Amino acid sequence: ASQTITTGLASTAASIASESSRASTAEAAVSRAVALETSRAGAAEGSLATSGAAATAATMVSINALNFSLSTSLTRETSRAVVAEASVANLVSLEVSRATVAEVSLSNLLSNAAFSPTQVPGLATWITASVGVVLSGSSVTSVLDQSGNGRTWSAGSAPTYVANGIGGLPTIQFSGSVPTSLSVSYNFQPPLSVFYIFRQMGPLNRRVLTGIRP
């Protein structure tokens with residue numbers, strides 16, 4: 001009977017040990033499962049973080065690209081504006097330079113006592129109230145050509161000679177009430193340029209140069 005009890009106790013102890021082992025195995029399995037799920041959750045969280053970081057980086061790249069594009073566009077427009085401003089400045093400078101050259105040339109022409117119209121190449125005719133005016137009293141009958149070509153200008157209804165006229169210089173005065181004129185017979189060939197100095201005293205519809213006919 002003592003042997004039977006001992007055997008039964010041993011069998012019970014073995015059964016308890018077996019159940020304890022199974023319980024430990026199950027607990028270990030549960031621990032591994034929990035650890036696995038925790039690891040998966042961590043990986044998923046890391047993936048989300050990586051995805052968020054990538055999206056943020058992509059957004060920053062897009063913003064930087066947009067800022068660069070805007071900056072480049074502004075720089076280009078600024079460059080165009082600077083070029084346009086420089087072009088305008090150069091154009092103005094060129095026109096001022098041309099005006100200065102013309103002014104200096106005219107000043108030299110007027111102040112050079114040794115100047116003669118015969119020095120002008122291609123000059124067809126040149127008359128002035130300062131020299132070569134043929135008078136009948138105060139009426140101008142003709143004006144001698146100073147170009148050296150001998151093309152004398154003749155008066156129609158005679159204009160009047162004024163010794164102290166425009167700028168205090170000798171002047172030939174034409175009347176609007178009684179049409180007066182000077183003319184020359186010459187076959188002018190185009191292209192040509194005509195220069196004259198006058199002061200309009202009467203109505204604006206009065207003509208100074210009536211025409212050039214070849």
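Q: Which residues does Val140 touch, not counting residues up to four places away in sequence?
A: In this predicted model, Val140 touches Val133, Val134, Leu135, Ala155, Ala158, Pro159, Thr160, Tyr161, Ile172 and Leu182. A contact means heavy atoms within 4.5 Å. Local features need pLDDT of at least 70, side-chain atom pairs count only at pLDDT 80 or more, and totals for chains, interfaces and linings use all residues. Side-chain values use heavy atoms, with hydrogens and water left out, and residues are numbered from 1 along each chain as its sequence is written.

Q: What makes β1 and β2 a pair of strands?
A: Two strands pair if DSSP finds at least two bridges between them. Four bridges join β1 (residues 133–136) to β2 (residues 139–143), and the two strands run antiparallel.

Q: How many helices and strands does the protein have?
A: There are one helix and six strands, in the order α-β-β-β-β-β-β along the sequence. Helices (H or I, at least four residues) and strands (E, at least two) are DSSP runs, numbered from the N terminus.

Q: Which residues make up the largest nonpolar core?
A: Eight residues make up this core: Ala129, Val140, Val143, Trp153, Ile172, Leu182, Val184 and Phe188. The term denotes a set of buried Ala, Val, Leu, Ile, Met, Phe, Trp, Tyr and Cys residues joined through side-chain atoms within 4.5 Å.

Q: Why is Phe188 called buried?
A: Buried means under 20% relative accessible area, exposed over 50%, and partly exposed in between (1.4 Å probe, protein chains only). Phe188 has 17% relative accessibility and therefore counts as buried. Tyr186, at 32%, is partly exposed. Of the 214 residues of the protein, 9% count as buried.

Q: Why is the pair of Tyr186 and Phe188 called edge-to-face?
A: Rings of Phe, Tyr and Trp (its six-membered ring) pair if their centres lie within 6.5 Å; planes under 30 degrees apart count as stacked, over 60 as edge-to-face and the rest as tilted. For Tyr186 and Phe188 the centres are 4.7 Å apart and the planes stand at 85°, so the pair is edge-to-face.

Q: Why is the pair of Tyr196 and Phe198 called tilted?
A: The centres of these rings lie 5.6 Å apart, with 35° between the planes. Tyr196 is partly exposed at 43%, and Phe198 is partly exposed at 43%. A search of the whole structure finds two aromatic pairs.

Q: How do you know that the charged end of Arg151 sits over the ring of Tyr186?
A: The term requires NZ of Lys or CZ of Arg within 6 Å of the ring centre and within 35 degrees of the ring normal. The charged end of Arg151 sits over the Tyr186 ring, 3.7 Å from its centre.

Q: What makes the link between the side chains of Thr125 and Asp145 a polar contact?
A: A polar contact is a pair of N or O atoms within 3.5 Å; within protein, one must be able to donate a hydrogen and the other to accept it, and residues adjacent in sequence count only if both atoms are side-chain atoms. The contact of Thr125 with Asp145 is 3.1 Å, and that of Thr125 with Trp153 is 3.0 Å. Thr125 lies in the loop between α1 (2–111) and β1, and counts as buried at 17% relative accessibility.
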